[in-house]
Amino acid sequence: MYKIAVLPGDGTGLEQVTEGLKVLEAAKNKFGFKMETVHYDLGGERYLRSGDILPESVLEELKQCDAIFLGAIGHPDVKPGILEKGLLLQLRFQLDLYVNLRPVKLFPGVSTPLKDKGPQDIDFVVVRENTEGLYAGAGGFLRKGTAQEVAVQESVNTRFGVERCLRYAFEYCRNKRTRRKLTLCGKTNVLTYAFDLWERAFHELGPEYPEVERDYAHVDAISMWMVKNPEWFDVIVTDNLFGDIITDLGAMIQGGMGIAAGGNIHPGQVSMFEPIGGSAPKYTGKGVINPLASICAGAMMLDHLGETAAAKCIENAVAKVCKEKLKSLNAGQMGYSTSEVGDLVAKML
Ligand code: IPM
Ligand code: MN
């Protein structure tokens with residue numbers, strides 16, 4: 001019996017998770033696993049009403065679940081940073097979800113802005129470190145608000161944190177991929193401390209994974225090649241901020257935020273799955289948001305829980321719906337409403 005915490009969050013988050021859950025329910029009936037859900041109303045509305053962002057008692061309950069299914073965080077009436085840091089990043093840190101896994105896969109029939117590139121060219125995975133780097137919150141102000149103000153924001157890279165992320169990437173590459181090429185994305189020409197550590201750890205661990213081909217590229221060059229030669233990539237491993245940036249680029253080349261999903265993972269522990277796009281408040285309640293990202297996040301969650309056949313089946317159903325049904329993956333242009341897209345995938349399954 002899987003116990004799933006559902007956090008719809010803000011904006012279109014609820015519409016998205018509703019369809020994600022619809023498909024998970026269909027998969028449950030087809031594959032015979034058991035699942036119960038517990039809903040939590042964390043997000044902007046609750047914060048505005050009560051001041052709560054992530055109460056300790058809720059965090060403790062989340063730790064008792066098998067997985068967390070998240071919608072989206074971000075409310076137009078709450079100053080940027082409060083919910084992002086207080087809720088999303090807190091969950092990543094407090095649950096020690098040290099990998100942010102973001103597949104970039106173009107399904108047949110989905111249009112990509114990359115001219116002359118197709119599904120055979122765009123199929124890679126980004127392993128983003130998820131608990132350190134510039135996200136760790138190290139730094140501070142000096143003489144804030146004066147003409148001599150100083151703001152320092154430091155990137156924290158521990159050997160322990162880097163190594164466990166690299167190991168995950170090596171293992172993912174060896175166990176889940178056929179090409180088995182792992183590219184370290186860094187900036188060794190300028191960030192000569194942080195990425196020196198990353199690069200040394202990468203090559204020190206490498207011999208333990210002889211099946212995996214090692215490759216290195218600077219983040220700026222990767223941004224260029226993701227557009228020009230995405231077929232060069234199989235698995236990319238990188239730090240928190242670079243991973244954040246290149247996965248938005250990745251989302252665009254795989255067809256947009258409507259389909260991009262990610263997992264915040266600590267192997268063997270409660271992990272959290274989410275569409276990587278935001279809460280898209282302007283579309284809230286209109287039934288136009290694309291739920292495929294949430295549906296794909298659900299598939300990643302099942303994969304994490306060991307329900308690999310069910311996960312694969314959802315992915316195939318999504319691919320078929322993209323190919324045979326949807327006019328576009330963009331909000332409001334799908335040719336179907338949000339809940340109709342959920343129905344299509346559930347039925348296809
Ligand atoms: C993401 C988001 C978050 C991040 C924000 C909302 C804090 O952009 O999941 O990629 O920067 O990690
Ligand atoms: Mn991001």
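A pocket, on a 1 Å grid over the protein atoms alone, is an open set of points with protein on both sides within 12 Å along at least five of seven lines. I count a molecule as sitting in one if more than half of its atoms lie within 2 Å of its grid points. By that rule, ligand 1 sits in the second largest pocket.

This is a predicted model, where local features need pLDDT of at least 70 and side-chain atom pairs count only at pLDDT 80 or more. Residues are numbered from 1 along each chain as its sequence is written.

Next I looked up the neighbours, meaning residues with a heavy atom within 4 Å. Around ligand 1 I found Glu84, Leu88, Arg92, Arg102, Arg128, Tyr135 and Asp244.

Then came polar contacts (pairs of N or O atoms within 3.5 Å). Oxygen atoms of ligand 1 lie 2.6 Å from a polar side-chain atom of Tyr135, 2.8 Å from one in Arg102 and 2.9 Å from one in Asp244.

Last, I checked the domains, whose bounds come from an automatic or database assignment. Domain 1 (1-104 + 261-349) and domain 2 (112-254) both give residues to the shell, so ligand 1 lies between them.

Notes:
Chains are lettered from A and ligands numbered from 1 in the order in which they are written. Side-chain values use heavy atoms; hydrogens and water are left out. A polar contact is a pair of N or O atoms within 3.5 Å; within protein, one must be able to donate a hydrogen and the other to accept it, and residues adjacent in sequence count only if both atoms are side-chain atoms. On a 1 Å grid over the protein atoms alone, a cavity is a set of points where a 1.4 Å probe fits but cannot get out, and a pocket is an open set with protein on both sides within 12 Å along at least five of seven lines; lining residues have an atom within 4 Å of a point.
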